[in-house]
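Trainee: I'd like a close look at one part of this protein, the strands and how they pair up. Could you walk me through that, and then tie it to the rest of the chain?

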Amino acid sequence: MAPRKLFGLFLLFFINFQFLIVNSACGQRVALVLSGGAARGGAHIGVIRALEEQQIPISYIAGTSIGAVIGALYASGYSPDEMEQLMSSEDFQRWAMGIMDQHYIYFYRKEDPNASWISTNFDFNKKLTSLLPTQLIKTYEIDFRLMELLSPANAVCSGNFDKLMVPFRCVTADIDSTEAVVLRKGDLNTAVRASMSLPLVYTPVVLNGKLVYDGGMYNNFPVDVAQKDFRPDVIIGSRVAQRYDKPDRDDVVSQLLTMLMERQTDTLTFPGSVMIVPKLPRINLLDFTYTKVLADSGYVATMRSIQKIRRFVHDSISPEKLALKRAEFNGRKKEVRFDSIHITGLNKIQQGYVTRQLKHGEKTVGIDELRTQYFRLIDDGFIKSISPVARYNPRTGFYDLFLDITRTNNFGAQFGGNFSLGNINFGFIELQYKYLWTNALHFNLNGYFGKIYSSAKVGGRIDFNSLTPWFLEVNYVYNHMEYFNRSMFFFEDKTPNYIIQSEYFGNLTTGIPTSNSGKLSLGIIYAFTNNKYYQSNLFSRSDTADQTSFNFGSPVLTFELNSLNRKQFASAGVKLQLSLAYVNGQEDMLPGSTTHNQVPVTQYRNWFQLRLIYDNYFESLGPVKFGFYGEGMLSNQPLFSNYTSSLIYAPAFQPLPESQAYFLPAFRANNWTAAGLKAVVRIYKKVEYRLEGYIFQPYRAILGSSDNNNAYLGPKFSDRAYMASTSVVYNSPLGPLSLGVNYYDKQSESWTLNFNFGYIIFNRRALP
């Protein structure tokens, strides 16, 4: 044989020998592929736990959607136990559903509750189609939490996913080019967030100038990515995605999923591969409450496949070596602390506002302090979407925070009202304008339009962005209430069946938060009120009504704590309100044609009043939740010039929504206390049965002479009245739909049948 040929054979043998040595030293290359599948992805955790227990090495990991979330967490040094604890927590369920933590919802920023069903923002320069929502779920918190969880690992690998604890690949979808995009480097939290952007559920992510969605649209099981990028010896696949049923003509979500999401294969054609398909229950898309159950299913399915896996995987990694590897990687993570903030999407003045809100002049800010201020910023209502990225800067030893912000449109509108089979029918509309300047500015104009109630309010508010924030608010309100249309309460009764109330008032208020759910405010009110009424039911069209006007000023100090879960028909939370007011004004009474005493009255009136409201819902006892309501009024308010005007200006007890629309003399007095119990039974999802009962105890009831011309106070604690309600309520996405019966004591017709759709909530009244 020629020397040249011998040398060639020797060289080939040497190269192959060296390859065998290197391959033996490096061990087998095992790639784990995790499919999409939303909440069912909790099973992946059990798969990883079983592989670790059986000392199967995981050399590489690739995932799509929820598979990318779990894959990234594992590659970033989180153990299966830590991942299960995280994903089974109430916090994770809340993040996935877009429900903001109550600790980051600031009550002091909220406007007074109104009768709105829906709200929207709009831009006159954009098409009407831009008003349509692009997602069902807000991603503010999950975006921030992914940054918080994954940024330290991203700092260790310097944005190179090959340098994570386990090399990682993430798959997302570019709908413009209709192809899957494999992410190998960049910001880890952004990559994962992009891969889980289920169309119409979560907002898409802008990545390198492209709008990208859930990777499951084009590659829900990225075995080809693992094979191409890692060239493994063995592939272990975990498939948890359900096969969607045939689309339902009445279910648009099922139609969209069928059109958009790739149908996944059940098999692996790669030689030396094992597919694990856990037996999983059918659960809702984002129901992570089953994570522990799903993880157990994944564990069991993997243990059943261990013998098959061991046919291909001969190497092992001991628990001690794996723990050391994880500890070494986690030990290189840097504390997340920021020294600079970079903002896109806002002008310079707005950027300054955001920076001041997040740092408050401090040189650096830790992740805990940032989190509080970050969600306070979102609660301002100026941000439509925000994409946070934390990048470690080895020069400074701190992280740079990059925020890509999309503002909400400046103009907004709310629509609502109440539809009733009775007389409590009205429409509601509010127009809003907000502008982010050196401070946050809000302006609003609303109107109520109905037979018994109409109103208009115009106002504005400025929020000052200091370490202890505070606000200044001004409003001007017109209210008009007509009680004569609800004649059932006045038929064959001494109480007049004709009362029309009108009031105009302005108020200036300043306040500070006392906690995330509390505020302390100080305001001053100046009001003009006018009431027209007859003292008896015997009058004709030619008669003129009595008129009482009361023009007054009043400073008001109020402390309020409010964490109720709904603005009407609440079933959880607590409300505590304590207000102290001084009222000083002039009463002018002009007699009508039916009044015996035809002498006009002018009298100065002033008094102090203290009002307490306490509304609390306790922990559930099975499907039943009990609540307690207490309210009290303490004042030295004098009687007005006659019986009817004394009742009109007396504070009213109105715990039921419908009671606000009725004039109920038995539940009005200058000094009183009231209490009641509530039971709320959940019948089915958002359908509840409510039972409420109250007792009203005046200190001294307001009584009238036979002709109602004179008013006087009855004996102490001599009289009391009862109120009760039973109803079935469906809390629809627009507003509550209720059917019930109310009982009002001491009325000629005490029982009322009520059917309402909407909110019986009015603008604030003049008297505090």
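Predicted model: local features only at pLDDT ≥ 70, side-chain atom pairs only at ≥ 80, totals over all residues.

Mentor: Buried residues account for 53% of the 768 residues in the protein chain. You'll find 15 helices and 31 strands along the way. Take the contacts between residues at least 6 apart in sequence: 67% of them join residues at least 24 apart.

Now to the strands. Pick out the open sheet of four strands, ordered β11-β10-β13-β12, where the pairing is mixed. The edges belong to β11 (365–366) and β12 (383–393); each has a single partner strand, so one side of each has no neighbour in the sheet. As a reminder, strands of a sheet pair through backbone hydrogen bonds, either parallel or antiparallel. For β10 (residues 337–344) and β11, the sense is antiparallel, over two bridges. To find one of these on screen, click on Phe338, whose bridge partner in β11 is Val365. A helix comes in here as well: α6 (residues 140–157) lies across β10, β12 and β13 (398–407), and runs at about 10 degrees to β12.

Nine of its 12 residues are buried, so β17 is largely enclosed by the rest of the structure. Follow its pairing in both directions along the sequence. With strand β16 (residues 440–450), β17 runs antiparallel, and nine bridges join the two. The pair makes a hairpin with two residues between the strands. One spot to look at is Ala440, which stands opposite Asp463 in β17. With strand β18 (residues 470–482), β17 is again antiparallel, this time through 12 bridges. Five residues carry the chain from β17 to β18 in a hairpin.

In soluble globular proteins, nonpolar side chains tend to be buried together. The largest nonpolar core in this model has 71 residues, and Leu32, Leu164, Phe168, Ile236 and Ile309 have the most contacts inside it. Helix α3 (residues 66–75) gives the most to this core, with eight residues. There is another core lying apart from it, made of 54 residues, with Phe552, Met589, Phe640 and Leu647 among them.

Leaving aside residues up to four places away in sequence, Ile236 touches Val30, Ala31, Leu32 and Val33, along with Leu51, Ile56, Val274, Ile276 and Ile309.

Last stop: Ile760, in the segment after β31 (751–758). Its relative accessibility is 2%, so Ile760 counts as buried. Setting aside residues up to four places away in sequence, it touches Asn418, Ile424, Phe426, Gln568, Pro657, Glu658 and Gln660. Take Gln568 from that list: Ile760 and Gln568 are 192 residues apart in sequence, yet their C-alpha atoms are 8.1 Å apart in space.

Note on methods. Residues numbered from 1 in each chain as written. Heavy atoms only, no water. Pairing = 2+ DSSP bridges. Contact = heavy atoms within 4.5 Å. Axes fitted to C-alpha atoms, helices over the stretch in contact; angles between N-to-C directions. Buried < 20%, exposed > 50% of the residue type's maximum accessible area, 1.4 Å probe, protein only. Core = buried A, V, L, I, M, F, W, Y, C linked by side-chain atoms within 4.5 Å.
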